[in-house]
Amino acid sequence: MTEDELAAAAEQRVEQAASDGEIAISVRDLRISFGDQVVHEDLDLDVRRGEILGVVGGSGTGKSVLMRAIIGLQIPDKGEINVFGEPMIGRADDEAIAIRKRWGVLFQGGALFSTLTVAENIEVPLREYYPGLDPQFREEIAAYKIRMAGLPAEAGPKFPAELSGGMKKRAGLARALALDPDLLFLDEPTAGLDPIGAAAFDSQTRRLQQTLGLTVFLITHDLDTLYAICDRVAVIADKRVIAVGTIEELLATDHPWIQEYFNGPRSRAAKAAFNAHDAGAQAVDGGGNAGHKQPKGGRD
């Protein structure tokens with residue numbers, strides 16, 4: 001087979017797996033270290049297709065390191081990582097291109113190119129993966145993604161320095177959506193946002209997940225986010241994922257970090273706020289569904 005035929009076959013295989021596979025991401029026996037510092041040891045994790053998985057853990061537990069390993073920016077010492085059934089470790093960039101096209105990444109702070117406008121930032125992955133795309137069509141896609149991320153059309157020609165923190169996050173989200181991904185990685189998307197802006201970003205994430213059928217890998221410290229939109233939560237501690245489940249299921253475990261995290265005063269406040277919002281939404285539509293997919297943290 002020619003290189004083009006191999007690439008087409010790989011894309012077809014990944015597309016089929018993204019549509020039919022139950023597991024979007026599988027991590028097994030992962031070990032990552034930096035010199036003598038071991039960050040992950042024997043870490044296992046499955047991310048189900050179509051879910052929003054929240055990833056939590058104390059500072060320095062390697063949440064972002066895990067994400068970087070999955071997307072190929074961090075080389076593990078050992079272990080296996082499969083995305084849509086395709087192995088990611090030890091593959092050259094050109095071999096994994098069919099998979100890379102299927103995901104989008106929002107890094108902390110947006111990670112926008114400061115010398116490019118918002119629209120030009122969104123066009124970066126389009127230029128990389130589809131260099132022959134008509135420039136006008138590329139501009140139309142960027143404009144559509146800007147609206148999809150909840151930004152006004154006039155944000156397109158602005159530079160990152162001209163944006164607020166919340167607008168930078170949404171611009172980064174628009175770029176992450178540029179290739180119509182099946183898988184979305186969000187690294188602390190609400191960090192630094194005011195409560196209203198954070199809640200709006202959460203709602204936008206859930207709407208996009210439902211509308212586009214996305215699988216979302218979401219790193220966060222935001223308890224409101226966990227209660228509001230996450231279907232399951234993975235807890236990283238002791239160099240591995242110690243528990244995965246709904247918030248209700250996690251509360252049934254006796255690990256001290258989990259108990260402290262989910263039973264602390266801030267967690268109680270987040271749960272109370274969600275319950276109050278949920279009750280109000282149900283009252284509006286007569287006690288039926290509140291108009292969004294219910295996360296499974298004891299709220300179904």
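Six strands come together in an open sheet of mixed pairing, ordered S6-S7-S8-S3-S9-S10; strands here are DSSP runs of E with at least two residues, helices are H or I runs of at least four, and both are numbered from the N terminus. Two strands count as paired if DSSP finds at least two bridges between them. Strand S6 (103-106) and S10 are the edge strands, each with a single partner, so one side of each has no neighbour in the sheet. From one strand to the next, the twist averages 15 degrees.

Before going further, please keep in mind that this is a predicted model, in which local features need pLDDT of at least 70, side-chain atom pairs count only at pLDDT 80 or more, and totals for chains, interfaces and linings use all residues. Residues are numbered from 1 along each chain as its sequence is written, and side-chain values use heavy atoms, with hydrogens and water left out.

Let's look inside the sheet. Strand S3 (residues 52-57) runs parallel to S9, and five bridges join the two. One of these pairs Gly54 with Val233 in S9. Helix H2 (residues 63-70) packs on the sheet, where it touches S3, S6, strand S7 (183-187), strand S8 (215-219) and S9; contact means heavy atoms within 4.5 Å. The direction of H2 makes about 145 degrees with that of S8, using axes fitted as lines to C-alpha atoms, for helices over the stretch in contact, and angles from 0 to 180 degrees between N-to-C directions.

Two loops deserve a stop on the way. Most residues other than glycine have a negative phi. Asp238, in the loop between strand S9 (232-237) and strand S10 (240-245), has a positive phi of about 55 degrees although it is not a glycine. Phe84, also not a glycine, has a positive phi of about 50 degrees and sits in the loop between strand S4 (78-83) and strand S5 (86-87). Phe84 is buried, at 3% relative accessible area; buried means under 20% , exposed over 50%, and partly exposed in between, with a 1.4 Å probe and protein chains only.

Now turn to helix H4 (residues 118-129), whose buried residues are Val118, Ala119, Asn121, Ile122, Glu123, Pro125, Leu126 and Tyr129. Their cover includes helix H3 (97-100), helix H5 (135-148) and helix H6 (165-176).

Stepping back, the protein chain has eleven helices and ten strands, and buried residues make up 49% of its 300 residues. Among its contacts with a separation of 6 or more, 69% join residues 24 or more positions apart.
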